[in-house]
Amino acid sequence: MDNNLSGEDNDNIDWDTEDELEIQEIQDMTFSSCTDLRTTGQHAVSCNGEASSSSVPSQSKFIQQFVMMGFREESIAKAIKQNGENEGLVLDALLTLKALEDSREEQPNTSSQLKPYISSDDSSSEYNENFLDDVYEEESWSSDSDSIYSAKQCYLKDESSSLSEKEHKERLLVNMGYPVEDASIAMERCGPGASLVELTDFIYAAQMAREEDAYLPEDVKPKLGHILNGSGGSMKRKMYNELCKRKKQRVICDEETIRLPKHMIGYGIPTESVSTMVKRTLPEQAIGPPFFYYENVALAPKGVWDTISRFLYDIEPEFVDSKYFCAAARKRGYVHNLPVENRFPLLPFPPCTIHEAFPLTKKWWPSWDTRTHLNCLQTSIASARLTDRIRKAMEDFDGEPPMRVQKYVLDECRKWNLVWVGRNKVAPLEPDEVEMLLGFPKNHTRGISRTDRYKSLGNSFQIDTVAYHLSVLKQKFPDGINVLSLFSGIGGAEIALYRLGIPLKNVISVEICEVNRNIMKSWWEQTNQKGNLIDFDDVQQLDGDCLERLVDSYGRFDLVIGGSPCNNLTGSNRVSRDGLEGKESSLFFHYVRILDLVKLITSR
DNA sequence: GCAATGATGAATATACCC
DNA sequence: GGGTATATTCATCATTGC
């Protein structure tokens with residue numbers, strides 16, 4: 001497959017030709033996404049019943065010959081359904097399936113066996129692709145891709161539910177900013193089982209491979225013309241090959257799932273000695289300008305960080321726990337192209353233990369509560385009823401309660417980040433205390449409801465942590481910096497830069513929540529910023545045309561920073577932990593889309 | 001209508017033991 | 001190595017109260 005992508009033929013890529021390549025690739029990816037072939041295959045037949053319903057004496061004989069060859073009836077029925085009673089086609093499909101199963105048996109219960117499938121010539125024929133796509137509908141990066149139940153769900157779907165899912169995905173793609181036509185074509189070509197990643201890949205590849213004006217309106221073409229035309233199509237080829245490389249990497253990454261480090265200190269923390277810091281080499285295509293910085297929860301469902309890394313130029317995420325910067329844990333992954341040498345922390349260094357942060361609690365803190373750090377600050381707090389239950393449980397005993405009560409109380413305190421504020425009395429943190437722990441100015445979020453304050457703060461950066469990473473920019477931008485801030489929230493990135501003493505020349509901020517935008521504006525005014533704050537409420541507004549105009553007006557972006565919504569990634573979500581395909585978390589792909597556009601515009 | 005409240009587990013990693 | 005226990009988690013939604 002690489003041969004097809006690296007040769008001269010790519011200079012004059014024809015969309016139809018690429019279609020074939022893309023279809024092959026994406027179907028191969030779908031192909032590779034299966035997890036338990038035998039189980040899913042069985043469900044495919046036993047649940048839809050179509051194969052048996054079409055049984056007639058002549059077909060029974062037709063089936064029998066394949067049974068005699070040693071194939072399972074379920075697989076035969078499915079192959080017939082996909083290919084009709086064409087002996088050659090059915091046999092081909094069955095052989096392919098058999099090869100897959102044999103390969104899987106050699107390496108059970110891992111995804112590493114998927115690689116040979118992709119290079120399998122047997123999968124190249126259309127009927128086999130259809131057959132296998134249909135049999136193996138599961139998402140390659142679904143968090144529950146190993147679940148038999150999940151697979152079963154796929155096969156219990158009738159036509160109507162399939163259509164509904166198709167519409168849902170298509171709508172999602174459109175909401176992500178892709179043209180309706182592209183979304184529709186991607187759905188049609190990739191099939192209903194294609195994951196969102198595959199669909200976006202397909203569309204992206206299509207747009208890259210089309211004429212030079214990917215995402216850019218007519219009036220912008222001439223401005224970028226010299227980039228694309230002047231290089232005789234090399235840029236197009238370069239980007240296309242880069243995309244294909246990302247896809248290829250996907251297979252490799254399936255084998256090498258990113259694992260969280262035991263001690264989340266990333267490339268170093270202020271208190272860690274320099275000798276233990278690790279130097280890194282960035283992939284060439286990741287090197288700025290612009291610098292970029294992406295953040296999300298470290299404990300995302302399996303495979304999410306592989307996908308994030310793959311879409312962000314294969315940069316290894318830097319996992320850091322903010323407990324090294326403040327009195328609360330905050331395990332986050334950061335993908336960025338910033339230098340990692342010569343970082344420096346914000347001063348004064350914030351209190352790093354509970355007792356340092358809240359000295360008044362020390363008086364009431366029982367000896368058996370050995371916590372020194374709070375857990376992650378969330379978007380909601382414990383109820384008064386819970387703290388009252390804890391008080392009553394404690395008051396039943398004079399002095400030290402029995403172990404079972406201690407355990408109950410400690411479990412609740414850890415779960416809800418409660419602190420001791422009186423005799424037998426625990427309480428959740430106040431909003432201004434959360435502000436302090438996260439490094440925000442006191443009263444930063446004051447003026448909105450307590451619920452909203454907790455929510456906005458729970459979704460924000462830990463300033464000291466992010467500032468430590470961004471500190472390397474101070475030397476590079478002594479006269480100020482142009483920032484494209486995506487999913488800005490309450491302005492954590494801007495505050496980090498401001499506290500580092502980096503002048504904010506122009507900040508293009510995108511934040512969907514009006515309450516958060518108002519907090520940001522208020523901070524901007526209160527701190528007498530000299531630069532310009534331009535805000536948008538939706539990342540979809542930032543298309544090529546819009547970005548081009550912004551660059552023309554304010555100059556090129558020096559930093560693209562943001563953390564896309566984690567709602568569908570966090571373990572706290574009991575309802576819709578859907579991974580990167582989730583309603584909110586899929587906005588990550590907008591970050592990628594916008595970053596790619598900015599890089600393109602910046603390189604002209 | 002808005003804000004506050006309270007009930008709702010599962011996915012994942014890690015530690016520990018055998 | 002495998003099984004079990006334990007810890008942790010930028011949340012969601014229906015209900016209640018004002």
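Predicted model: local features only at pLDDT ≥ 70, side-chain atom pairs only at ≥ 80, totals over all residues.
Figure 1. Residues are numbered from 1 along each chain as its sequence is written, chains are lettered from A and ligands numbered from 1 in the order in which they are written, and side-chain values use heavy atoms, with hydrogens and water left out. Cys376 uses a backbone N or O atom, which sits 3.2 Å from a phosphate oxygen of DNA strand C. For Asn573, a backbone N or O atom is 3.5 Å from a sugar or linking oxygen of DNA strand C.

**Figure 2. The surface near DNA strand C.** DNA strand C is surrounded by 24 residues, the closest being Arg332, Gln378, Thr379, Asn459 and Cys566; a residue is near a strand or molecule if one of its heavy atoms lies within 4 Å of it. Of the atoms of DNA strand C that come within 4 Å of the protein, 72% belong to sugar and phosphate. At least two residues of this surface come from each of β1 (291–297) and β3 (331–336); strands (E, at least two residues) and helices (H or I, at least four) are DSSP runs, numbered from the N terminus. By class, the surface near DNA strand C holds five nonpolar, 14 polar and five charged residues. In that count, Ala, Val, Leu, Ile, Met, Phe, Trp, Tyr, Cys and Pro are nonpolar, Asp, Glu, Lys and Arg are charged, and the others, Gly among them, are polar.

**Figure 3. The surface near DNA strand B.** Among the 17 residues around DNA strand B, those that come nearest are Ser383, Thr451, Gly571, Arg574 and Arg577. Sugar and phosphate make up 49% of the atoms of DNA strand B that come within 4 Å of the protein. In the side chain of Thr451, an N or O atom is 2.5 Å from a phosphate oxygen of DNA strand B. The side chain of Arg385 places an N or O atom 3.3 Å from a phosphate oxygen of DNA strand B, and the side chain of Arg577 has one 2.9 Å from a sugar or linking oxygen of DNA strand B.

**Figure 4. Helix α18 against helix α19.** The axes of α18 and α19 (residues 403–416) come within 10 Å and cross at roughly 155°; axes are lines fitted to C-alpha atoms, for helices over the stretch in contact, and angles run from 0 to 180 degrees between N-to-C directions. That angle makes α18 roughly antiparallel to α19, given that angles over 145 degrees count as roughly antiparallel, under 35 as roughly parallel, 65 to 115 as roughly perpendicular and the rest as oblique. The crossing of α18 with α19 is left-handed, meaning that the near helix is turned anticlockwise from the far one by less than a right angle, whereas clockwise is right-handed. Leu386, Arg389, Ile390, Ala393 and Met394 in α18 meet Val405, Tyr408, Val409, Glu412 and Trp416 in α19, where contact means heavy atoms within 4.5 Å. The contact of α18 with α19 has eight nonpolar, no polar and two charged residues.

**Figure 5. Helix α26 crossing helix α27.** α26 (residues 544–554) and α27 (residues 588–602) have axes that come within 10 Å and cross at roughly 50°. α26 is therefore oblique to α27. The crossing is right-handed. From α26, Gly544, Leu547, Glu548 and Val551 meet Ile594, Leu597, Val598 and Ile601 of α27. Six nonpolar, one polar and one charged residues make up the contact of α26 with α27.

Figure 6. Gly288 and Pro289 are joined by a cis peptide bond with omega of about 5°. Another cis peptide bond joins Pro289 and Pro290, with omega of about 0°. Pro289 is placed in the loop between α15 (234–255) and β1.

Terms used: Polar contact = N/O pair within 3.5 Å; in protein donor to acceptor, adjacent residues only side chain to side chain.
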